[in-house]
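Have a go at each task before you read its solution.

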Amino acid sequence: MRKKRTTIYDIAAKLNITASSVSRALNNSNYVNENTKQLILKTAAELNYKRNTLASNLRKGHSKTIGIVVPRINQNFFSNVIAGIEEAAYQKGYNLIICQSGESHEKEVKCINTLINQQVDCIVISISADSHDYKHLKNVIDHGIQLIQFDRVIEELETLKVINDNEQASFEAVSHLIEQGYKRIALLEGPQNLNIFVQRKKGYLAALKKYGLPLIEELLLENTLTKERGAEATRKLLNLPQPPDAIFASVSDFSALGVLEVATVMGFKVPGELGILGYSNEAFTELTSPSITTIDQCSIEMGKTVAELYFQEMDNKEVITDHKIISIKPKLIVRSSTLRKG
């Protein structure tokens, strides 16, 4: 049976004094004489009393807690964003509550409701692939909780946002492929209900247009977020009468890993016969053979920016800046999987 948590009332009962005297002593008040204060502190230690910081903070009007909702905790991008937020939050004495939606809208709603009930001061979210409305996010705002969206955002919802320049990153990635001599470039897309994947497709199309390459509809495959879906899409593409000579997995490096595995099994030489380019700079992209060219979303920097944006808003409550958008430029990381020309 779990032991009951010690409260100030337990200390007061043991010493036959009032709970208010105990509270004053624990808060180092001058209204309690030094001998009584030392006795109370000694008794608190003996009873293993732990201060309820959440309740204390709530009495002051805030919980000093930030809630975070991400699609997948085990993806390098999201775990690094969380690490960046934690680093900045720790310096301000804030704690984090981390939730995972698993790309499910229903689970995302439950996560948000849980965080509201926990009375967090701020909710940071990157929306799930399954998102189809944002009533739950409006509910956050209605509760007076600061809402910050990052990476995958709902553009119509006027909140603080920290994003990447996805269109420009995608344009630079496809331009790199073309400059390496690739001409039939397939695009593994994400769900087009999410703005980031719409923007990445725009960058892909802009690069084709700039270099005068035709858009080939059969080389565009949607909903390829996972390694398994990336592999399935690659089998379809490489079995075409005219297969692509490069595949841009604009959804994730996991999808790109699926591309590499299938290409290897089917005997395609990478990068000679097939170029492969991913997105997010997952740790494994340096370790594959060949290593995978990818796009670094500067995830740690994004996390720090999210936290710093919140604390700036806290320090400038008089200034209404709920619509502020900060864009961080991603970086193309060129590796062996696309290098035909050295």
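Before you start, you'll need one definition: axes are lines fitted to C-alpha atoms, for helices over the stretch in contact, and angles run from 0 to 180 degrees between N-to-C directions. Helices (H or I, at least four residues) and strands (E, at least two) are DSSP runs, numbered from the N terminus. This is a predicted model, where local features need pLDDT of at least 70, side-chain atom pairs count only at pLDDT 80 or more, and totals for chains, interfaces and linings use all residues. Residues are numbered from 1 along each chain as its sequence is written, and side-chain values use heavy atoms, with hydrogens and water left out.

**Exercise 1. Work out how helix 8 and helix 9 cross.**

Step one: look at the axes, which come within 7 Å and cross at roughly 40 degrees. Step two: that makes helix 8 oblique to helix 9 (angles under 35 degrees count as roughly parallel, over 145 as roughly antiparallel, 65 to 115 as roughly perpendicular and the rest as oblique). Step three: find the contact (heavy atoms within 4.5 Å). On the helix 8 side it includes Phe-171, Val-174 and Ile-178, and on the helix 9 side Ile-196, Tyr-204 and Leu-208 are among the residues taking part.

**Exercise 2. Describe helix 9 and find which of its residues are buried.**

Next, pick out the buried residues (under 20% relative accessible area; exposed is over 50%, partly exposed in between, with a 1.4 Å probe and protein chains only). They are Asn-195, Ile-196, Phe-197, Gln-199, Arg-200, Gly-203, Tyr-204, Ala-207 and Leu-208. Their cover includes helix 8 (166–179), strand 6 (185–188) and strand 7 (220–221).

**Exercise 3. Is Glu-189 buried or exposed?**

First locate Glu-189, in the loop between strand 6 and helix 9. Its relative accessible area is 5%, so Glu-189 is buried. Leaving aside neighbours within four places in sequence, its contacts include Lys-201, Leu-221, Asn-223 and Ser-250.

**Exercise 4. Now trace the sheet with the order 2-1-3-4-5-11.**

Six strands make up this open sheet, and they pair in parallel. Strand 2 (95–100) and strand 11 (325–328) are the edges; each has a single partner strand, so one side of each lacks a neighbour in the sheet. From one strand to the next, the twist averages 15 degrees. Then check strand 4 (residues 146–150): five of its five residues are buried. Gln-146, Ile-148 and Phe-150 lie on one side, with Leu-147 and Gln-149 on the other.

Key. Two strands pair if DSSP finds at least two bridges between them.
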